[in-house]
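Have a look at the model first, then read on.

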Amino acid sequence: MNSVYARTARFDSARALSEDEMRRSAPSIFAVSVHESRSERFQPIPTIEVLRALIEEGFMPVGVKQGRTRDASKKDFTKHLIRLRRLDHDAKFCVGDTVCEILLKNANDGTSAFNIMAGLFRIRCLNSLVAQTSTLESVKVRHSGDVSHKVIDGTFRVMKEAEKALAAPADWSGLILDRDERQVFAEAAHIARFGDSEGETTTRIQPGQLLNARRTGDRENDLWTTFNVVQENAIRGGLEARFRDEHGRLRRPTSRAVKGIDQDVKLNKALWTLSEKMAELKGLKAAA
């Protein structure tokens, strides 16, 4: 997890990041032109201009992350992710230890459209997750044509709808999963995390390990807790497998943390959708 985000994204010490801090961690946020590899049809979407407009509306940057690139010339244009939060503790944007956020993803090197998503952040374990449901807005704006008003309009549509995701902590906490249901959940999550394009896995990490709670407060069997435990284990990594190789030597491979922006978003969306489907199977109707 981005160290700046981990230090700032808490209820007790939440604060907006300064532009100097963001520039050090994610300089591509400040790109106002495009990478030289793009054609004239590719229109830049300066993230910093959108961000400044959103700050005026009370949504503050509490975390930033920039993707890696092997091409040094793309460092100032590559993919980045910003997490925005209301810092006035408006009750409609937080429930318990979970707070609603807006996520902005963009790049001016051709690797990403401008993507505006809803997110949740769980303070207890510094979990960040992307809430992507049928009832929530998610807006993508291509780098072509007149993009400015599309980005601003789309961002505010997502803001308006994002708070609906906060129904999940209360709704899913009331759905108790039995042992078989938790195992099925873990197996599906295991494929989402470790499976290839055909759904095949070769890792020695077992599905049941995704259910191992990292703290006492996460030992409940309800859907919300199960989802958070699995999500944390899948994203943060650190799960260890033990086996002996063909020479009889003990091996202890450990799962890696998910650090890539796209992989993080994709996995979070998959786990959220999995949880929604499990909720439906348990009799919880999706929000209209």
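This is a predicted model: local features need pLDDT of at least 70, side-chain atom pairs count only at pLDDT 80 or more; totals for chains, interfaces and linings use all residues.

Skipping its neighbours within four places in sequence, Cys-100 is in contact with Arg-85, Phe-93, Gly-119, Leu-120, Ala-162, Glu-163 and Leu-166. One of these contacts, Glu-163, sits 63 residues away along the chain, yet the C-alpha atoms of Cys-100 and Glu-163 are separated by 6.2 Å. Cys-100 itself is part of strand E4, which covers residues 98-106. Is Cys-100 buried or exposed? Its relative accessible area is 4%, and under 20% counts as buried, so Cys-100 is buried.

Now for the rings. The count of aromatic pairs comes to five.

| Pair | Centre to centre | Angle between planes | Type |
|---|---|---|---|
| Trp-172 and Phe-227 | 5.8 Å | 85° | edge-to-face |
| Trp-224 and Phe-227 | 5.8 Å | 35° | tilted |

What does the pair of Trp-172 and Phe-227 tie together? Trp-172 belongs to helix H5 (residues 167-173) and Phe-227 to helix H7 (residues 223-236), so the pair links parts that are 55 residues apart in sequence. Trp-224 and Phe-227, on the other hand, are both in helix H7, and because they are three residues apart, about one helical turn separates them. Trp-172 and Phe-227 are both buried, and Trp-224 is buried too. Together with Trp-272, Trp-172, Trp-224 and Phe-227 make up one aromatic cluster.

Arg-23 lies over the face of Phe-30, 4.0 Å from the ring centre. Likewise, Arg-204 has its charged end over the ring of Phe-243, 3.9 Å from the centre.

Conventions:
Residues are numbered from 1 along each chain as its sequence is written. Side-chain values use heavy atoms; hydrogens and water are left out. Helices (H or I, at least four residues) and strands (E, at least two) are DSSP runs, numbered from the N terminus. Buried means under 20% relative accessible area, exposed over 50%, partly exposed in between (1.4 Å probe, protein chains only). Contact means heavy atoms within 4.5 Å. Rings of Phe, Tyr and Trp (its six-membered ring) pair if their centres lie within 6.5 Å; planes under 30 degrees apart count as stacked, over 60 as edge-to-face and the rest as tilted. A charge sits over a ring if NZ of Lys or CZ of Arg is within 6 Å of the ring centre and within 35 degrees of the ring normal.
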